[in-house]
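Subject: Structure handover

Hello,

Here is the structure I promised to pass on. Please open it and keep it in view while you read.

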Amino acid sequence: MPQPNVLLICVDHWPGRFMSGLGHPAVQTPTLDQMARNGVLFTNAYSATPTCMPARRELFTGMSARNHGDRDFLDIPFPKRPRMAQTYRDAGYQAYAV
């Protein structure tokens, strides 16, 4: 079975309800709407750390802010643990961040 494609889009200060496909009356997002129709769209998410940099560290490391060490936008190295991108690479994916 071929591996499925994975596209993770993370944005700051742009709630999902600002997609036309989710009912926003003015914002037009035809490309995102098409991707959502052809894939999986998570419309109910929770972050234990609601500030952007620490929350992204949680996503990329699978560790809570208490464990990865960044709760305040600190310039600290990532913990010596596998990160999401490397885990995908190890499984044969091409992983990029833009």
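Below is what was found in it.

This is a predicted model: local features need pLDDT of at least 70, side-chain atom pairs count only at pLDDT 80 or more, and totals for chains, interfaces and linings use all residues. Residues are numbered from 1 along each chain as its sequence is written, and side-chain values use heavy atoms, with hydrogens and water left out.

**The chain overall**

The chain has four helices and zero strands. Its elements run α-α-α-α from the N terminus. Helices (H or I, at least four residues) and strands (E, at least two) are DSSP runs, numbered from the N terminus.

Of the 98 residues, 16% count as buried. Buried means under 20% relative accessible area, exposed means over 50%, and partly exposed lies in between (1.4 Å probe, protein chains only). The accessible surface is about 8100 Å². Carbon and sulfur atoms hold 56% of that surface. These areas come from the Shrake-Rupley method with a 1.4 Å probe; for residues, only the protein chains shown count as cover.

Take the contacts (heavy atoms within 4.5 Å). Among those in the chain with a separation of 6 or more, 19% join residues 24 or more positions apart.

**The aromatic pair**

How many aromatic pairs does a search of the whole structure find? The search finds one. The ring centres of Tyr 88 and Tyr 93 are 5.1 Å apart and the planes stand at 90°, so the pair is edge-to-face. Rings of Phe, Tyr and Trp (its six-membered ring) pair if their centres lie within 6.5 Å; planes under 30 degrees apart count as stacked, over 60 as edge-to-face and the rest as tilted. Tyr 88 is partly exposed, at 29% relative accessible area.

**Thr 61**

Thr 61 belongs to helix H2 (residues 52-61). Is Thr 61 buried or exposed? Thr 61 counts as buried because its relative accessibility is 7%. A polar atom of its side chain lies 3.1 Å from the backbone nitrogen of Met 63.

Leu 7 sits in the segment before helix H1 (30-38). Leu 7 is exposed, at 61% relative accessibility.

Leu 41 is in the loop between H1 and H2. Leu 41 counts as partly exposed, at 37% relative accessibility. Leu 41 touches Leu 22 and Ala 36, leaving out residues up to four places away in sequence.

Best wishes

How values were computed: Polar contact = N/O pair within 3.5 Å; in protein donor to acceptor, adjacent residues only side chain to side chain.
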